Amino acid sequence: MRISLEKAADLLKSGHVVAVPTETVYGLGASLYHPEAIKEIFKIKGRPPNNPLIIHVTGLSDILPLTKALPPKTAELTHAFWPGPLTLVLPAIEELVPFDVRAGLPTVAFRVPNHPLALELLRITGPLVMPSANKSGKPSSTLPEHIEEDFGESFPILDGGVSKKGLESTILIYHEQKWRIIRLGALPPESFASILGVVPQVEGVLEGNTPLCPGQFYRHYAPLAKLVLAKEIPKDGSGVVLGFSDRSYSLPLIPLGPTDSPEIVAQNLYANLRLLDQKGISYAWVDVDFPRDGLWLTILERLKKASLN
Ligand code: TXA
Ligand code: MG
């Protein structure tokens, strides 16, 4: 159900969960001050309790009361990229950040979304925790229709149109004296070089160790359809191909976008993964013959995770 900004603010302030647009993907919002609403988010998403949530705020000044001494370059990073698709994991003042939000960690993640409706809403409601608005493990939502698909027609949605970036925020943590990327996202690793002096390292899941990003443990972005990633797509056989609009294939094509625009491919990626299930397609080849840099790295990472079902 599409609701007004005023209604969304009222629901959030009275402890309900509302779907909120951002420039990356839609979020399932709950007020930081309503523990029952935060519990409800974990329940309706089917989210494991040890996967922490990002707190969405309007700017750096909102996070100062909740954090301990900030790591070097924090202010520079926020000035350069907020509002925008950057999440920073910072040392938390544990008494002030609810245990469930941090999933018991001594750190807390923050982001300022770059969407006019989200910012207006946050100014009224104060901090909102927001995971992506999808059932755990499924592709994220970049349109209100995706939220209806996962949570039903009557779920309250603040309609902000299509999420322009189409991929989640890039997450940085300061760990062992260095800023590191713990989730690839809408800002490519190279974006940070001018501020940090280096391109930050991308951390994988550390086998047998506690991962820096708990979410990386879990299945993600996966449609029901079986995806097979390949640089060469077979000439015949069964299934469709998730491929590029400027290439030709023998199998039926679901276009991801043109090869010269990773931005377009990113914006439509989750809608295309959802489309496979909407059409009842059970098997799809994915053309991964594209560059291994910039936004393409995030696109490849999402496709790899989506193929693990
Ligand atoms: O673009 C985005 O970030 C979207 C929109 C709605 O803002 N949100 C989003 O939230 O992607 P979610 O919950 O789907 O992913 C958040 C990720 C999870 O992998 C979680 O483990 C990680 O952030 N995370 C949250 N708090 C953390 C912390 N304290 N330390 C390490 N990782 C953390
Ligand atoms: Mg998510």
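Tutor: Let's start with a word we will need: a residue counts as buried when its relative accessible area is under 20%, and as exposed when that value is over 50%. Keep in mind that the structure above is a predicted model.

Student: Thanks! Is tyrosine 221 buried or exposed, then?

Tutor: Its relative accessible area is 2%, so tyrosine 221 is buried. You will find tyrosine 221 in the loop between strand E9 (201–202) and strand E10 (226–230).

Student: What should I look for in the backbone there?

Tutor: Here is the general idea: most residues other than glycine have a negative phi, and most peptide bonds are trans. Tyrosine 221 is not a glycine, yet its phi is positive, about 60°.

Student: Which phi does glutamate 176 have?

Tutor: Glutamate 176 also shows a positive phi, about 45°, although it is not a glycine. Its place is the loop between strand E7 (170–175) and E8. Because its relative accessibility is 60%, glutamate 176 counts as exposed.

Student: And the peptide bonds? Where is the cis peptide bond?

Tutor: Look at tryptophan 82 and proline 83: the bond joining them is cis, with omega at about -5°. Proline 83 belongs to the loop between helix H4 (74–81) and strand E4 (86–91).

Student: Now to the ligand. How many residues surround ligand 1?

Tutor: There are 28 residues around ligand 1, and the closest are Thr24, Asn51, His56, Ser169 and Gly215. Sorted by class, this shell holds 16 nonpolar, 8 polar and 4 charged residues.

Student: How do I read the polar contacts of ligand 1?

Tutor: Look for pairs of N or O atoms within 3.5 Å. In threonine 24, a polar side-chain atom lies 2.7 Å from an oxygen atom of ligand 1. Arginine 183 has a side-chain N or O atom 2.9 Å from an oxygen atom of the ligand.

Student: How much of the accessible area of ligand 1 does the protein cover?

Tutor: On its own, ligand 1 has 690 Å² of accessible area, and the protein covers 98% of that. The space ligand 1 takes is the largest pocket.

Student: Which elements give two or more residues to the shell around ligand 1?

Tutor: They are strand E3 (54–56), strand E5 (107–111) and strand E8 (178–183). E5 provides the largest share of the shell, with 4 residues.

Terms used
Residues are numbered from 1 along each chain as its sequence is written. Chains are lettered from A and ligands numbered from 1 in the order in which they are written. This is a predicted model: local features need pLDDT of at least 70, side-chain atom pairs count only at pLDDT 80 or more; totals for chains, interfaces and linings use all residues. Side-chain values use heavy atoms; hydrogens and water are left out. A residue is near a molecule or strand if one of its heavy atoms lies within 4 Å of it. A polar contact is a pair of N or O atoms within 3.5 Å; within protein, one must be able to donate a hydrogen and the other to accept it, and residues adjacent in sequence count only if both atoms are side-chain atoms. Accessible areas come from the Shrake-Rupley method with a 1.4 Å probe; for residues, only the protein chains shown count as cover. On a 1 Å grid over the protein atoms alone, a cavity is a set of points where a 1.4 Å probe fits but cannot get out, and a pocket is an open set with protein on both sides within 12 Å along at least five of seven lines; lining residues have an atom within 4 Å of a point. A molecule sits in a cavity or pocket if more than half of its atoms lie within 2 Å of its grid points. Ala, Val, Leu, Ile, Met, Phe, Trp, Tyr, Cys and Pro count as nonpolar, Asp, Glu, Lys and Arg as charged, and the others, Gly among them, as polar. Buried means under 20% relative accessible area, exposed over 50%, partly exposed in between (1.4 Å probe, protein chains only).
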